[in-house]
Amino acid sequence: MNKIVREHYPVENLPEDLREGLEAGSTVRVVVEVEAAMSATERLETWAADFWSTDPEDRKPMSRDDLREQLGLLRMTDRPAVSVEEAVARVRTLRDEWDDK
């Protein structure tokens, strides 16, 4: 992982949003690390976890660009396609499980 560390960095040289709450004229320690790139599968899993952990009334509608990105991620994961017949069989199996209870 790439990492840059600057000791005794002047607060005045920081971007404005990072200066908030810091005393003018002081110095700080700045650490910049490059995040590891996530695979398409990891990105989808992270998105899904965030989506399902949010209360339904707090979820924001997806924009076209967000939807396009999610579809691209799904395609990149190279999941096997499911035929209509297989999908119907899965739904019937699930339905039958509920009917048995």
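Predicted model: local features only at pLDDT ≥ 70, side-chain atom pairs only at ≥ 80, totals over all residues.
R59 sits over the face of F51, 4.3 Å from the ring centre.

Residues are numbered from 1 along each chain as its sequence is written, and side-chain values use heavy atoms, with hydrogens and water left out.

Now for the rings. Those of Phe, Tyr and Trp (its six-membered ring) pair if their centres lie within 6.5 Å; planes under 30 degrees apart are stacked, over 60 edge-to-face, and the rest tilted. That gives two aromatic pairs here:

| Pair | Centre to centre | Plane angle | Type |
|---|---|---|---|
| W47 and F51 | 5.2 Å | 20° | stacked |
| F51 and W52 | 4.8 Å | 90° | edge-to-face |

Together, ring pairs link W47, F51 and W52 into a cluster.

W47 and F51 are four residues apart in helix α2 (residues 40–53), so about one helical turn separates them. A helix here is a DSSP run of H or I with at least four residues, numbered from the N terminus.

How buried or exposed is W52? With 62% relative accessible area, W52 is exposed. W47, at 31%, is partly exposed, and F51, at 25%, is partly exposed. The cut-offs are under 20% for buried, over 50% for exposed and partly exposed in between (1.4 Å probe, protein chains only).

Conventions
Helix = DSSP H or I, 4+ residues; strand = E, 2+ residues; numbered from the N terminus. Lys NZ or Arg CZ within 6 Å of the ring centre and 35° of its normal.
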